[in-house]
Amino acid sequence: MNFVERQRQLAKQKQKKIVLPEGTEPRIVQAAKILMDEELAKEVVLLGKKEAIEAAGKKENIDVSRFTLIDPATSDLREAFARDYYELRKHKGATLESAKEDILDTLRFGALLLRNDKVDAMVAGAERTTGDVLVAGFTIVKTAPGVKYASSCMVMDLPDKKWGKDGNMIFSDCATIPDPDVQQLAEIAIASCESCKKFLDAEPVCAMLSFSTKGSASHPNVDKVVEALKIVKEKRPDLNVDGELQLDAAVVEEVGKKKAPGSSVAGKANVLIFPDLQAANIGYKLVQRFGNAGAYGPFMQGFAKPISDLSRGATVTDVVNTCAVLLAQP
């Protein structure tokens with residue numbers, strides 16, 4: 001059973017509720033049908049004008065009456081959500097009247113449903129940008145206690161099961177922070193370790209990657225990784241994290257023993273923290289294309305509640321898989 005199959009099985013057991021703010025998008029309507037057909041969700045909430053959602057369903061030959069349809073403009077939650085949003089944004093000059101208009105945006109309304117425990121997860125991004133999804137998450141859902149920055153991870157499912165946890169690994173940050181500073185890189189590592197526990201049901205063995213291993217090269221880029229590791233060790237001494245490590249030292253036992261003797265991570269990593277977004281994005285796509293690996297995500301990490309972004313080129317299957325992963329979480 002691969003990663004997605006496990007997540008679908010867990011989602012089916014948990015029977016949670018999910019909101020899809022882009023309720024008139026054809027792929028979203030199709031994905032909602034699959035989520036209900038396969039009993040991956042107890043309830044699927046689609047946001048938008050009801051007539052428009054119904055028209056989208058008719059075009060796809062899908063009966064949308066199976067879903068919960070909410071038009072923010074006519075919802076009986078609008079007044080309460082406007083007050084909630086006003087309290088969140090009044091320090092930025094929001095008024096109660098402006099809040100009533102602002103929450104008509106389906107991303108904001110979806111985030112408010114999540115914030116107020118009306119649903120268990122939110123997935124968006126089929127039409128809206130990653131930036132839009134992140135802003136809704138930051139301003140409404142907020143980050144988890146003690147977390148300042150949200151980031152993302154990919155779950156890689158490799159055909160050769162010797163890697164990571166039965167072939168599964170966490171790669172971070174592949175989609176969110178282009179050039180993380182020391183503090184951000186440390187938070188990415190900590191959040192990715194938590195993602196390893198949630199997504200892979202495994203204790204994290206986390207390698208902070210570089211082109212240097214344990215001082216083999218000297219450069220400000222290496223210093224950033226070293227300093228970030230110090231912060232991780234101070235904040236979370238319970239986590240098994242080491243660096244700076246080259247990729248081969250992180251995942252190949254023989255190389256790890258030679259380049260980083262005594263390291264509890266070298267040669268055994270199931271979590272890889274890349275020094276920046278360029279390296280991470282290139283790295284996961286190399287493994288996906290040349291290694292024929294499944295690449296699932298990006299999944300947002302660091303938020304107080306499950307929220308995730310989609311590529312605007314996402315397929316229906318991508319949408320369903322992303323929803324299933326979020327619905328499977330504890």
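Analyst: We will go through strand pairing, crossovers and nonpolar cores in turn. Keep in mind that this model is predicted.

User: Which strands pair with β2, and in what sense?

Analyst: Pairing is read from the bridges between two strands. Here β1 (residues 17-20) pairs with β2 in the parallel sense, over 4 bridges. Strand β3 (residues 68-70) is also parallel to β2, with 3 bridges. For particular partners, L20 is bridged to L46 in β2, and V45 to T68 in β3.

User: Is β2 mostly covered or mostly open?

Analyst: Burial is judged from relative accessible area, and under 20% counts as buried. Strand β2, residues 43-47, is mostly covered, with 4 of its 5 residues buried.

User: What do β1, α2 and β2 make together?

Analyst: Follow the path from one strand over the helix to the next strand. β1, helix α2 (residues 26-37) and β2 form a right-handed β-α-β unit. Another right-handed β-α-β unit consists of β2, helix α3 (residues 50-59) and β3.

User: Which residues have the most contacts inside the largest nonpolar core?

Analyst: A core is a set of buried nonpolar residues joined through their side chains. The largest one has 61 residues, and L20, V44 and M208 have the most contacts inside it. Helix α8 (residues 182-200) gives the most to this core, namely 9 residues. A second, separate core has 29 residues, including L47, F81, L107 and I307.

User: What does M208 touch beyond its neighbours in sequence?

Analyst: Leaving aside neighbours within four places in sequence, M208 is in contact with residues including L185, A189, V225, L245 and I273.

Notes
Residues are numbered from 1 along each chain as its sequence is written. This is a predicted model: local features need pLDDT of at least 70, side-chain atom pairs count only at pLDDT 80 or more; totals for chains, interfaces and linings use all residues. Side-chain values use heavy atoms; hydrogens and water are left out. Buried means under 20% relative accessible area, exposed over 50%, partly exposed in between (1.4 Å probe, protein chains only). Helices (H or I, at least four residues) and strands (E, at least two) are DSSP runs, numbered from the N terminus. A nonpolar core is a set of buried Ala, Val, Leu, Ile, Met, Phe, Trp, Tyr and Cys residues joined through side-chain atoms within 4.5 Å. Contact means heavy atoms within 4.5 Å.
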